[in-house]
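Dear colleague,

Please find below the structure that I am handing over to you. My notes on it follow.

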Amino acid sequence: MATETIQSTGGADEGRRLTNKDLNTIWLRWAFTHLASMSYEKLQGHAYAWSYIPFANKYYRDDPEAKRRLLVRHSVFFNTEPQTGQIINGIVTSLEENIALGGEVSEEMPNNIKATLMGPLAGIGDSIIQGIIVPTLLSIGMSLASGGSPLGPLFYIVAYGIIGPTISFISYRTGYKLGVGAIDVIVGENARRVMDAFNVLGIMVVGALAAGNIALTTTLNIPLGSEWQPLQTTLDGVFPALLPLIAVLLTWWMLGKKQFSPTKVIVVLTIAISALCLIGVF
């Protein structure tokens, strides 16, 4: 169904359409409470339903049954990356507005859209937010804090506090404007190419940050003719930052393949590094 069909419900309903204040209320409610109340059965679903209470009060004040159906269908399981996932919220807002104004959209479509898009948006969002933006901001913050300056943590808090909500707001308004037309953009072939590109870029960013921020060198010496030469010098000449790369791959193996918890990984790395330092390897 074309976006124009969904968002066009007749001139008589123009005065009942969602205002900027209404849209901002729905966005704000889910943007800042998506993880405030969780369960394994619903995850972000609690906050999703809560964000649509003002919508229900606007359109279904005199129709308790329609209000109940709205809140029930948005209380189901939902889980995606919260910033870019606002695109889904924007699309659903457009669909629910059409339903409330007596359009052609069925009451099943919003949940179908949520189920279809939450996976792809999670992949795109994690690649952008967790794979690029967060590591980059943390690396800058750690560099500022390395000399004991409080600017490091303050920079990260302020920078992410601006960038995160900005991405969230733009995503929400974009989804609302596009309606279901956004599906072709999100799950089409071009979107897969974009997601692959972000994944590659995220790997490159993490690799650069690992090489620049993990200080891991060996103190071992190796024979070179009649003399002894530091092994680290040889490694730097053949494969710079090899030891940090090994540490990253080991951490990834424990987290991804062995399913260790982050706390367990930290304990294992601490014990391993301490033992290697005691025997003179590092």
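What pLDDT does the chain average, and what share of the residues score at least 70? The average is 83, and 85% of the residues score at least 70; pLDDT is the predictor's confidence in each residue, from 0 to 100. This is a predicted model, in which local features need pLDDT of at least 70 and side-chain atom pairs count only at pLDDT 80 or more, while totals for chains, interfaces and linings use all residues. Residues are numbered from 1 along each chain as its sequence is written, and side-chain values use heavy atoms, with hydrogens and water left out.

One stretch calls for caution. Over residues 1-12 pLDDT stays under 50. For this stretch the model has 25 contacts beyond four places in sequence, a contact being heavy atoms within 4.5 Å. Where pLDDT is low, the predicted coordinates should not be read in detail.

Helix packing comes next. Helices (H or I, at least four residues) are DSSP runs, numbered from the N terminus. Helix α2, residues 20-31, packs with helix α6, residues 86-100, at an angle of about 140°, and their axes are 11 Å apart. Such axes are lines fitted to C-alpha atoms, for helices over the stretch in contact, and angles run from 0 to 180 degrees between N-to-C directions. From α2, the residues Leu-23, Ile-26, Trp-27, Trp-30 and Ala-31 meet Gln-86, Asn-89 and Thr-93 of α6. The residues of this contact comprise five nonpolar, three polar and no charged. Here Ala, Val, Leu, Ile, Met, Phe, Trp, Tyr, Cys and Pro count as nonpolar, Asp, Glu, Lys and Arg as charged, and the others, Gly among them, as polar.

I turn now to charged pairs. Seven salt bridges are found in a search of the whole structure, each being a side-chain nitrogen of Lys or Arg within 4 Å of a carboxyl oxygen of Asp or Glu. One of them joins the side chains of Arg-17 and Glu-97 at 3.4 Å, N to O. Because Arg-17 lies in the loop between α1 (3-7) and α2 and Glu-97 in helix α6, this pair ties together parts that are 80 residues apart in sequence. Both Arg-17 and Glu-97 are buried (buried means under 20% relative accessible area, exposed over 50%, partly exposed in between, with a 1.4 Å probe and protein chains only).

Glu-65 has two partners. With Arg-68 it forms a salt bridge whose closest N and O atoms are 2.6 Å apart; these two residues lie three residues apart in helix α5 (residues 64-73), about one turn of the helix. With Arg-69 the salt bridge is 3.9 Å, N to O, and that pair is four residues apart in helix α5, again about one helical turn. Relative accessible area is 44% for Arg-68, which is partly exposed, and 38% for Glu-65, also partly exposed. Arg-69 is partly exposed at 31%. A network of salt bridges links Glu-65, Arg-68, Arg-69, Arg-73, Glu-96 and Glu-107.

Finally, the backbone. Most residues other than glycine have a negative phi. Leu-43, which is not a glycine, has a positive phi of about 50°. Leu-43 sits in the loop between α2 and α3 (45-51) and is buried at 16% relative accessibility. Ala-241 also has a positive phi, near 60°. The loop between α11 (231-238) and α12 (242-257) holds Ala-241, which is partly exposed at 27% relative accessibility.

With kind regards
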